[in-house]
Amino acid sequence: MKKLFLLIFLTIASISYAQNDYLLGESYYREGEYEKAAQVFKKLYASSPFNTSYLSRLISCYQETGQFLEVETLIKKKLEKHAEQGFLYVYLGYNYEKQQLKEQAETNYNLALKAIDKNPSFAGIIGRIFKDYNLLDNAILAYEKAMAKNENANYSFQIAQIYGEKGDYKKMFEAYMNLVDKDDKYFSLVQRYTSKYITDDSENEANIVFRKTLLKKSASNPKNVWNVLLSWLFTQQKQYNKALIQEKALYQRNPDDLTAIFSLGKIAFENTNYEEAKDCFDFIAEKSTSNEEKINASLYLAKIAVVTNNPNTEKLFESLFNEFGKNTATIKLQVEYADFLTFHQNKPNEAKEVLEAAIHFSSSKFDKARIKLKLGDILVFTGNYNKALIYFSQIQTQLKNHELAQQARFKVAQTSYFKGDFTWAKAQLKVLKSSTTQMIANDALELFLKITDNEPLDSIPSGLKQLAKAELLSYQNKNEEALAELQSLFTPKNVFANGLTLGDVIYDDVLFFKAKLLIKQKKYEEAIISFTKIITADNQGIYADDVYYEIAQLYNNQLNNPEKASEYYQKIIFDYSSSIYLVDARNKYRKLRGDNL
């Protein structure tokens, strides 16, 4: 027993020492100290002569120091002892190639490929070494030879990756599709690797090739998986109506599952494609036999009605409550109704009554938190800030680390910002910048930067307090008062007391917010004037692409001036290639131009 323990101890110690030596060798190699690295890998290879990682590094160290003859001698001696190890010919061939000896290199590469005929089990390592040396065509040949020799061998994934590196999208996607065709278990893997090439631009070369490959597969060998991948592609391209066509086809084959259509509707809604989102949720409301699914779909239909200012929104809520009732199952719908009453109907007292009734039959702490969040919003709307902060703080305490707690923390920060307590707002926002919820993290970062970039210093006013107050007034639907507050910032006695102009501090934030308020009031021409002032002051500022996009949208959607809209979409296309609006601007420009999309 003692001998066994000693053997185990020595084995573990040996592995540990080898690992430490390997890390040391890698460190030398990365730092370009090839001679030191060679000594380490020579020792490691001597102790483990079948470890190709040690051999590969040792060869590379010799080559980096011009010791090509040392490499040749090492490999030839190895081949004398182990002629069956055909992968050694790749190392030898590449050693000749490094010396510009092309013929000798090709001779050895061919010997490596022929070795697969005798021993297909070495095809994997031969293909990998070819790929490591960027000899991609040879790597493909090696993998294809192996699959021809052994029907159980499957190197389609490796071949697809290589075609991707070569930029041959057609063959890459065909290889990936063949992999999925053989076994659906590869679906997620293929989708993940395919997503590296797919963008949100339907005219992107890879997108076009991928779509054609899928359509060809779907025609020759109909399978659900092709519809799923087409739906995924169209979703990436924000073509939600086309994605819905694929999902409906899948639903016809499996009429018990509406999950994918619900997910598609949510994605379309979050990307403000409300018409396409409504199509998804209408379909669920019509087809589903589940009360829960119908209620969830109806919640989004109500959200869409609110955000699109549908004049029948109030009647829609009434009809939904008549159908599903006011109970535990419709808590989220009731919260949405309270939001509508407050922020769109200016009826905060009625909204509070709805929520105070709902909290009595809410069955979970999460539902109670949702209700308290909305009650807090209403209290901010009515100017009762301290009580609102109490509600938000309660949620943070009761649901630590939950998304609802993060929302509550953001609302604490936002309310503190509205009140002009920038120090406390920043403290909350610092925590939220690493929020697991991307939307909260983005909102937190945006508000944090606004405060830190514009915070008053040494009691010198910067305009941030007036901007925060204007944003609060807008939050309370007091848009005329909000505009008046912003206008006060342009009054010389308020702005120039510190020797600065508004442009030195917060000019772009104020003008951008002013323009958004004017859009709310449907004063579109005045909004464009406000946006244009930002560009006049600094056409490379952080708001530049936002401004051009907003102006283009106004000309396109509100002012019926396609020529001017095209002009501003073009500004984004040609001058702001990294803008988040690029793809949408390009698509809308093409549509205005009359392209067949």
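Student: Is Tyr133 buried or exposed?
Tutor: This is a predicted model, in which local features need pLDDT of at least 70, side-chain atom pairs count only at pLDDT 80 or more, and totals for chains, interfaces and linings use all residues. Residues are numbered from 1 along each chain as its sequence is written, and side-chain values use heavy atoms, with hydrogens and water left out. Buried means under 20% relative accessible area, exposed over 50%, and partly exposed in between (1.4 Å probe, protein chains only). Tyr133 has a relative accessible area of 15%, so Tyr133 is buried.

Student: What kind of aromatic pair do Tyr94 and Tyr133 form?
Tutor: Rings of Phe, Tyr and Trp (its six-membered ring) pair if their centres lie within 6.5 Å; planes under 30 degrees apart count as stacked, over 60 as edge-to-face and the rest as tilted. For Tyr94 and Tyr133 the values are 3.8 Å centre to centre and 10° between the planes, which is stacked.

Student: How many residues apart in sequence are the parts that the pair of Tyr94 and Tyr133 ties together?
Tutor: Tyr94 lies in helix α5 (residues 88–98), while Tyr133 is in the loop between α7 (123–132) and α8 (136–149). Helices here are DSSP runs (H or I, at least four residues), numbered from the N terminus. The pair therefore ties together parts whose separation in residues is 39.

Student: Which class of pair do the rings of Phe343 and Phe381 form?
Tutor: Phe343 is buried at 16% relative accessibility, and Phe381 is buried at 8%. Their ring centres are 5.3 Å apart and their planes at 80°, so the pair is edge-to-face.

Student: Which helices hold Phe343 and Phe381?
Tutor: The pair links distant parts of the chain, 38 residues apart. Phe343 is in helix α19 (residues 331–343) and Phe381 in helix α21 (residues 365–381).

Student: Which residue has its charged end over the ring of Tyr29?
Tutor: A charge sits over a ring if NZ of Lys or CZ of Arg is within 6 Å of the ring centre and within 35 degrees of the ring normal. Over the ring of Tyr29, 4.0 Å from its centre, sits the charged end of Arg57.

Student: How many disulfides does the structure hold?
Tutor: A disulfide is a pair of cysteine sulfur atoms within 2.5 Å. Cys61 is buried at 0% relative accessibility, and Cys280 is buried with a relative accessible area of 0%. The number of disulfides in the structure is 0.

How values were computed
Helices (H or I, at least four residues) and strands (E, at least two) are DSSP runs, numbered from the N terminus.
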